[in-house]
Amino acid sequence: MNNDKVNIILNTTIQIVNEYNFTGTTISRISKKAGISPGVIYHYFESKDEIIYKIYEDIAKRLAENIDEQELSNMSIIRQLEILICTAYRFAVNNSVEMIFVENFRNSAYMKNAKDIARKKVTERLGAPIDAAVSRGEILDLPHNTIYTLMIGTATQLAKLEIIGQNPLGKYTIEQVAHQIVKTILVG
């Protein structure tokens, strides 16, 4: 597989989706903008849908890798969740074009058939510490997916506002805001 051509196809598709949404994204439009014939695109991908899912999975894998790079052992679950929020926020701010694509993806029919790799990775990694914190009475007994959505969803929404210049943190740092977000699931 020619990674250069695949990357051109993927990056061009992100640009087109961000400009025209999914319905306006066609192999013809990708081909024209990328300067690659439709035949070459079909050599690497069976359909537009395959390209779309590949992009989403690649972005989710990169977010999961960013989270995996964080040293979380020997930390309280509260600190682990704060780091998770900060990592997700920074990833989103630093990958703004891709995050616009992800936002479009999550609000589309594509999402129902997607593999949410980042969610799976985070819930696998933090599942046992969350369960232990619940059994100690430290945090609310919420489903792992709910905790993920509260933490990562809030972080990416704040990042989206930052990307468009609305300064959602005000005078606070992401660390301070993350602490407040985590407090929403603390018991007592």
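A word on ground rules before we start. Because the model is predicted, local features need pLDDT of at least 70 and side-chain atom pairs count only at pLDDT 80 or more, while totals for chains, interfaces and linings use all residues. Residues are numbered from 1 along each chain as its sequence is written, and side-chain values use heavy atoms, with hydrogens and water left out.

Let's begin with the overall picture. The protein has nine helices and zero strands, where helices (H or I, at least four residues) and strands (E, at least two) are DSSP runs numbered from the N terminus. The C-alpha trace spans about 60 × 35 × 30 Å along its principal axes.

Now to the packing, starting with α1, residues 3–20. How do α1 and α6 cross? Their axes come within 9 Å and cross at roughly 60°; axes here are lines fitted to C-alpha atoms, for helices over the stretch in contact, and angles run from 0 to 180 degrees between N-to-C directions. The two helices are therefore oblique to each other. On that scale, angles under 35 degrees count as roughly parallel, over 145 as roughly antiparallel, 65 to 115 as roughly perpendicular and the rest as oblique. The crossing of α1 past α6 is left-handed, that is, the near helix is turned anticlockwise from the far one by less than a right angle, with clockwise being right-handed. On the α1 side the contact (heavy atoms within 4.5 Å) uses Ile 14, Val 17 and Asn 18, and α6 brings Val 97, Glu 98, Ile 100, Phe 101 and Asn 104. By class that is five nonpolar, two polar and one charged residues. Ala, Val, Leu, Ile, Met, Phe, Trp, Tyr, Cys and Pro count as nonpolar, Asp, Glu, Lys and Arg as charged, and the others, Gly among them, as polar.

Helix α1 also packs on α2, residues 27–34, at an angle of about 115° with the axes 9 Å apart. This crossing is right-handed. From α2 come Arg 29, Ile 30, Lys 33 and Ala 34, and the α1 residues include Ile 8, Ile 9, Thr 12 and Tyr 20. The classes here are six nonpolar, three polar and three charged.

The next pair is α5 and α8, whose axes come within 8 Å and cross at roughly 35°. Again α5 passes α8 in a right-handed crossing. Among the contact residues are Leu 81, Leu 84 and Ala 88 of α5 and Ile 147, Met 151 and Ile 152 of α8. This contact divides into 14 nonpolar, one polar and one charged.

On to the empty spaces. Rolling a probe the size of a water molecule over the atoms shows where empty space is left. On a 1 Å grid over the protein atoms alone, a cavity is a set of points where a 1.4 Å probe fits but cannot get out, and a pocket is an open set with protein on both sides within 12 Å along at least five of seven lines; lining residues have an atom within 4 Å of a point. Grid points are joined across faces, edges and corners, and a volume is the space filled by probe spheres set on the points.

The largest pocket holds about 360 Å³. Of its 21 lining residues, Val 102, Glu 103, Arg 106, Thr 156 and Gln 157 lie nearest the centre. Which helix gives the most to that lining? It is α8, with nine residues. The lining has 10 nonpolar, six polar and five charged residues.

There are two cavities of 30 Å³ or more. About 70 Å³ lies in the largest, and its lining includes Tyr 56, Phe 91, Met 99, Val 102, Arg 106 and Thr 156. Here α4 gives the most, with four residues, and the lining divides into eight nonpolar, one polar and one charged.

The second largest cavity has about 60 Å³. Helices α5, α7 and α8 each supply at least two lining residues, and the classes are eight nonpolar, two polar and no charged. Thr 123 is part of that lining and sits in helix α7. Leaving out residues up to four places away in sequence, Thr 123 touches His 144, Asn 145 and Tyr 148. Thr 123 and Gly 39 lie 84 residues apart in sequence and 40 Å apart in space, C-alpha to C-alpha.
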